[in-house]
Amino acid sequence: MKSFLLICSLFTLAIQANAGTPKVSIQVQIHGERQDKERGSPDQSRAYNLIVRVTNPTPLPMEGLTLKWALYADSLQRGTDEIILEKAGEQTFNVEPSGRFTDVSTAKVVFNWTPQHSERTGSGRRVQFKKVDETGHRYHGYSVQVLQNGEVIGEAYSHAALKNQQ
């Protein structure tokens, strides 16, 4: 019986030693709103921000956490197929214990682009149309990391490929 208790207690200690830093749960909502533009203009503009809900599953409060976030854009320059960092930021926050959560809102980031379109040239019988290439930066996705003492304890990405962008 003593050996059984010894083995169980060693097993419990081994599990606790391997547990490491507690992880947090992350849910991300993205909010986008159209920006007012000149009527009849092909230009597009949208402002996006993230609302990140961080949940603490542990029985202890987590203080001094850092939220690192980034919003990415597709570069619409002709001949490129790039994903570029549009804007990134960091915020510090705390989360209460036992399943409570904190919502952290990021700054709004405006994305401006002009889709491919045609423009009318000439007048009367000589009306022609010329093709205009798309330009600007259109929203692509986000990445979010929560750090405690410099160690990542939670992360979320809109696309798995963005994990390599940070």
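Hi everyone, let me start with a definition: a residue is buried under 20% relative accessible area, exposed over 50% and partly exposed in between, using a 1.4 Å probe and protein chains only. What we have here is a predicted model, where local features need pLDDT of at least 70, side-chain atom pairs count only at pLDDT 80 or more, and totals for chains, interfaces and linings use all residues. Residues are numbered from 1 along each chain as its sequence is written, and side-chain values use heavy atoms, with hydrogens and water left out.

First, the chain overall. Of its 166 residues, 30% are buried. There are 1 helix and 10 strands, taken as DSSP runs numbered from the N terminus (helices: H or I, at least four residues; strands: E, at least two).

Now to Thr-114, which sits in strand S6, residues 109-114. Is Thr-114 buried or exposed? Thr-114 counts as buried because its relative accessibility is 13%. Its side chain makes a polar contact of 2.6 Å with the side chain of Asp-43. By polar contact I mean a pair of N or O atoms within 3.5 Å; within protein, one must be able to donate a hydrogen and the other to accept it, and residues adjacent in sequence count only if both atoms are side-chain atoms.

Next, Thr-106, in the loop between strand S5 (101-105) and S6. Thr-106 is buried too, at 6% relative accessible area. Its side chain reaches the backbone nitrogen of Leu-50 at 2.8 Å. Beyond four places in sequence, Thr-106 is in contact (heavy atoms within 4.5 Å) with Asn-49, Leu-50, Trp-69 and Gln-91.
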